[in-house]
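Subject: A structure for you to look at

Hello,

Here is the structure I promised to pass on. Please open it beside this email, and then read on for what was found in it.

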Amino acid sequence: MSQSTLLETAQPIAVGMGQIRVAHGPAVLGAVLGSCVGVALFAPRLRIGALGHIVLPDSKGQPASPGKFADTAIPAMLHELQALGVHPSGLVAKIVGGACMFAMSGPLQIGAANIEAAVRILGNAGIAVAARDVGGTKGRRVRLDCTTGMLEIEIVGCPPQQL
Amino acid sequence: MINTQALADANLELLHQFFSAATHDASAAMCRWTDGLISLSLDEVREIPMEEVSAELGFGDDLLTMVVLSAQGEVGGEMILAFDEYNGRRLAASLIGRPVDESAPWSELEKSALTETGNILGCAYMNALTRLIDAELVPTAPWFLQDYGASVLEQALLAQASQCDRVLVCRTGFHRHGEELNWRVVFVPTMALRRAMENALRRGA
């Protein structure tokens, strides 16, 4: 499920549900997010970016598919980056997504739970969230530029924005 | 030794029978709704790795017009009826008897026509499934939305994603006078519904 190869291509690289991608500039990582949360980590000095397409907040101890859950995906991303010489203190973190796609109320709000889990787990690792665009009821098309760390976000009916 | 692949294939074959029956009923309802213009066929029932589902089903990062219905509860599922702009506009125009106008924003009447189409299709489908298993599927009100296809599909996959890495989906084709249309309907059952269907088929075998 997770992808650990360091990618170095100018083509946009799709990050599917439950996947983790790590790439070196000038690569661009892209995902379409609904209730899932995208966690973008960027090492400015080395120009290495990582994007995790996190589906659910808690693995409940399931060992497989670390990229699917916030509590396993973020440590896996950090581990992968550390193997490339990136220390967590040198990372810029941004989070995006976590929408409530069908605008339903009720106890099961996965988008909100994903956001909360991502922020908490990054915080436990000593990483502050530098920017975020989360919640709402619309999907997001996102691209992480691994040269600059810029996260471009498109929402239907809204002008594109950059974080 | 149990051949797990053969077991999985046998289960998919059983489920195919089930979804064929539901698709047959949905097709009959769709024919009535469109004066015999549109029919459905079940193209495939299969398991796909979660990260590949969007690409496999053509729900990429393009803007789609969709009607979503849920059967809520443990034994439930999500249905998405999806069109690109061209096909959605044409269906709406044919249903309300007006010329196609792609320059204007979607009118409430156009939205209502597509929403009702999703309602008829979804209710026929879920009624058939209810008849075939020993559990009642009650669809929610249909929900019209225009968004990136993958972002909506993602939400529909959540119930299965929490329990496994491969997702069971059935893909259905639409036809007008035998010609295939670029419409899509995807039904994603919960794991509990999937088990209920497999049990019902074994009881009937």
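Which residues are buried in helix 1 of chain A? They are A:Ala70, A:Ala73, A:Ile74, A:Met77, A:Leu78, A:Glu80 and A:Leu81. Here buried means under 20% relative accessible area, exposed over 50% and partly exposed in between, with a 1.4 Å probe and protein chains only. Seen down the axis of helix 1 of chain A, these buried residues fall within an arc of 160°, so they line one face of the helix. The arc is taken from the directions that run from the helix axis to the C-beta atoms.

Before going further, two notes on the source. This is a predicted model, in which local features need pLDDT of at least 70 and side-chain atom pairs count only at pLDDT 80 or more, while totals for chains, interfaces and linings use all residues. Residues are numbered from 1 along each chain as its sequence is written, chains are lettered from A and ligands numbered from 1 in the order in which they are written, and side-chain values use heavy atoms, with hydrogens and water left out.

**More on helix 1 of chain A**

Helices (H or I, at least four residues) and strands (E, at least two) are DSSP runs, numbered from the N terminus. On the face turned away from the buried side of helix 1 of chain A sit the exposed residues A:His79 and A:Ala83. The buried residues of this helix pack against strand 3 (20-24), strand 5 (37-43), strand 6 (48-54) and helix 2 (110-124) of chain A. Just after the helix, A:Gly85 has a positive phi of about 90°.

**A buried lysine**

In the loop between strand 6 and helix 1 of chain A you will find A:Lys68. Is A:Lys68 buried or exposed? At 1% relative accessibility, A:Lys68 counts as buried. Leaving aside neighbours within four places in sequence, A:Lys68 is in contact (heavy atoms within 4.5 Å) with residues including A:Gly18, A:Ile54, B:Met50 and B:Asp165.

**The nonpolar cores**

A nonpolar core is a set of buried Ala, Val, Leu, Ile, Met, Phe, Trp, Tyr and Cys residues joined through side-chain atoms within 4.5 Å. The largest has 48 residues, and B:Phe59 and B:Ile80 have the most contacts inside it. Helix 5 (residues 149-161) of chain B gives the largest share of this core, 6 residues. Apart from it lies another core, of 44 residues, among them B:Ile38 and B:Leu114.

**Aromatic rings**

Over all chains, a search finds 6 aromatic pairs. Rings of Phe, Tyr and Trp (its six-membered ring) pair if their centres lie within 6.5 Å; planes under 30 degrees apart count as stacked, over 60 as edge-to-face and the rest as tilted. The rings of B:Phe19 and B:Tyr125 have centres 6.5 Å apart and planes at 25°, so this pair is stacked. Both B:Phe19 and B:Tyr125 are buried. For B:Trp106 and B:Phe144, the centres are 5.6 Å apart and the planes at 50°, so that pair is tilted.

Enjoy exploring!
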